[in-house]
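Good morning, colleagues. Please have the sequence and the model before you.

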Amino acid sequence: MIQELSYVGFASPRYNDWRDYGTAKLGCQLIDDGSDGAVRLRVDDVNYRIAIHPAEQDEFRYAGWALANETDLAVFVADLESKGVTVNQGDPALVAEREVADLVWIEDPWGNRHEFVWGKRAKPNSFHAGRRMDGFVTGNQGLGHIVLLVPDVDEGNKFYVDVLGFRLSDRIIGGPFNLRFYHINGRHHSLAIGNTPGYTGFNHLMLEVKNVDDLGSAIDLFDEEEILLSLGRHTNDLMMSIYVATPSSLQIEYGFGGLIVDDLHWTSRTYEEPSIWGHKRSEAYFAAPPGIMRAVEPVAQP
């Protein structure tokens with residue numbers, strides 16, 4: 001069973017801009033570059049959780065999902081293979097680069113790469129925020145959440161639930177919205193997928209801060225043209241957040257106060273709107289890309 005969103009990787013021609021953006025504005029800690037010059041950022045005592053690799057265009061490279069231990073990873077791999085999924089073993093160089101004990105990877109039906117690992121390296125009491133703040137909500141909730149865009153949300157649901165084992169938290173269906181939200185631990189969702197016919201991609205990464213003042217001070221730090229959605233509160237996870245542009249095409253949701261779910265008592269709901277209040281779209285929102293996008297062919301049906 002997948003336990004957490006452990007790390008994410010992107011590529012961008014503006015990867016170097018993340019050194020200042022990731023520390024001075026997001027509050028992450030910069031560590032040594034990766035072997036290819038990737039900018040690597042910490043949000044807690046795990047050695048790094050965000051990597052931005054050098055590239056000629058913006059790309060979503062991978063999402064890393066952690067399992068509890070080597071036994072769980074082996075059982076998970078066997079289950080994937082029994083379902084006809086091609087599982088690739090990470091070579092020693094990749095395992096060393098990700099700073100994990102072991103790694104396998106697959107692609108979803110639209111070519112988005114997912115890595116499954118255990119034993120990611122960490123050092124207690126070693127995180128130092130890039131700006132004055134209390135830090136991020138991680139621990140047994142993992143890095144945060146990601147929102148992927150898929151050309152068929154129903155096919156996406158089959159893959160992420162039936163194949164990978166994500167558990168549905170709820171849906172938002174109404175107007176332009178067709179979204180599903182999934183949890184793997186107490187965080188309301190570690191993954192969401194949205195419907196974008198003909199395209200797949202990466203919309204945003206959410207980082208949750210420990211203190212509402214850390215959210216408020218971030219609003220003061222971001223330039224007006226960087227704030228895509230104003231301060232607001234979501235209907236489903238009750239997160240109070242802003243959405244901001246980054247040096248690359250993906251967005252960051254910067255939030256506080258997300259809901260904790262309990263599988264023993266949780267009941268999935270359907271909402272018609274994503275926000276209770278706020279999250280007003282700025283002029284910058286309409287000028288910005290919806291994320292890192294690429295066109296895809298329809299998935300062949302058996």
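I begin with the interface: 36 residues of domain 1 are in contact with 37 residues of domain 2, where contact means heavy atoms within 4.5 Å. The model is a predicted one, in which local features need pLDDT of at least 70 and side-chain atom pairs count only at pLDDT 80 or more, while totals for chains, interfaces and linings use all residues. Residues are numbered from 1 along each chain as its sequence is written, and side-chain values use heavy atoms, with hydrogens and water left out.

Domain 1 covers 2-118 and domain 2 covers 145-295; these bounds come from an automatic or database domain assignment. The C-alpha centres of the two domains are 20 Å apart.

How much area is buried between domain 1 and domain 2? The figure is about 2,900 Å², and carbon and sulfur atoms give 69% of it. Buried area here is the accessible area (1.4 Å probe) that two parts lose on being put together, summed over both. Of the area that domain 1 buries against domain 2, 25% is supplied by Tyr21, Lys25 and Trp110, more than by any other three residues.

Which elements give two or more residues to the side of domain 1 that touches domain 2? They are strand E1 (2-12), helix H1 (18-25), strand E5 (59-67), helix H2 (70-82), strand E7 (102-107) and strand E8 (113-118). Helices (H or I, at least four residues) and strands (E, at least two) are DSSP runs, numbered from the N terminus. E1 makes the largest contribution to this side, with 7 residues.

I turn now to the sheet. An open sheet of 8 strands runs in the order E2-E3-E4-E1-E5-E8-E7-E6, with mixed pairing; two strands pair if DSSP finds at least two bridges between them. Strand E2 (29-30) and strand E6 (88-89) stand at the edges with a single partner strand each, so one side of each has no neighbour in the sheet.

E5 and E8 run parallel and are joined by 4 bridges; Ala66 has Val117 in E8 as its bridge partner. E7 and E8, by contrast, run antiparallel over 6 bridges, with Ile106 partnered by His114 in E8. Their hairpin has 5 residues between the strands, and Gly111 takes a positive phi near 90° in it. Finally, E6 and E7 pair in the antiparallel sense over 2 bridges, and Asn88 has Trp105 in E7 as its bridge partner.

Thank you for your attention.
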